[in-house]
Amino acid sequence: TLYNGIGFSSNGKELYVSADSLSAPEKHDASHTGNGILVYRVQDGKLTPEREIYIPLQKLTDGRTQNRIGRPVPKGMAIPAPTGLAVVKTSHGDELLVADEFSDNALLIDAASGKILHRFDLADHSFVPSTYPISVVASRDGKRGWVGLWNASEVAELNLKTGKVLGKLALLPPKEDTGSSSHPVSLALSPNGRMLYVVLANRDEVAQV
């Protein structure tokens, strides 16, 4: 199933689209794409399927387990569900910052080779998913990234060069643990890159960070 991540390559010749499945997340043959990023060639206003950047099951940090969602997976592994994606232009080519909703992480991927450059652990409980990363945005210089954590009422800031999670900012979290999240979803940087705007779907508000 195609999901909500979509973005053009920096040269405009390719289109990246996120795709995921809970029942068939792994790539076994030509009829099972598995979870990942589909790449389309753009020419004369037409899209042609070109290749897939496959994202394998994600290894969890010790002590964490996958919730019983979708197809059963080996212990210590989780199903990645690529959602939001951002194209990061670098001197050596495009990279893709991808939010993995059901493995509570974000990945920085080399768009040409499909190699995972950095994995950012965004879980905050022993079970996964708990934070539900859903959206991403990256700075123009390719040094920083931000991830909207749908269930955690937070936005995480990432150092895309070192692969480190710099911190998390709470955005109108519930007063009680059993309360509903503010559901941070769409993200947008201001034109000068100094402010981050976040849609809080469950508060009917926009946060300015």
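Does Phe102 count as buried or exposed, and what is the relative accessibility behind that label? At 15% relative accessibility, Phe102 counts as buried, where buried means under 20% relative accessible area, exposed over 50%, and partly exposed in between, with a 1.4 Å probe and protein chains only. The model is predicted, and local features need pLDDT of at least 70, side-chain atom pairs count only at pLDDT 80 or more, and totals for chains, interfaces and linings use all residues. Residues are numbered from 1 along each chain as its sequence is written, and side-chain values use heavy atoms, with hydrogens and water left out.

The structure contains 1 aromatic pair. Rings of Phe, Tyr and Trp (its six-membered ring) pair if their centres lie within 6.5 Å, with planes under 30 degrees apart counted as stacked, over 60 as edge-to-face and the rest as tilted. The ring centres of Phe102 and Tyr132 are 5.8 Å apart and the planes stand at 75 degrees, so the pair is edge-to-face. Phe102 lies in the loop between strand 9 (93-100) and strand 10 (105-110), and Tyr132 in the loop between strand 12 (127-128) and strand 13 (133-138), so the pair ties together parts that are 30 residues apart in sequence. Strands here are DSSP runs (E, at least two residues), numbered from the N terminus. Tyr132, at 22% relative accessibility, counts as partly exposed.

Two strands pair if DSSP finds at least two bridges between them; strand 13 and strand 14 (residues 144-149) are joined in the antiparallel sense over 5 bridges. Trp146 in strand 14 is the bridge partner of Val137.

A further antiparallel pairing, over 4 bridges, links strand 18 (residues 196-200) and strand 19. Val198 stands opposite Ala207 in strand 19. The hairpin of these strands has 4 residues between them, and Asp204 takes a positive phi near 55 degrees. Val206 is found in strand 19 (residues 205-208) and is exposed, with a relative accessible area of 56%.
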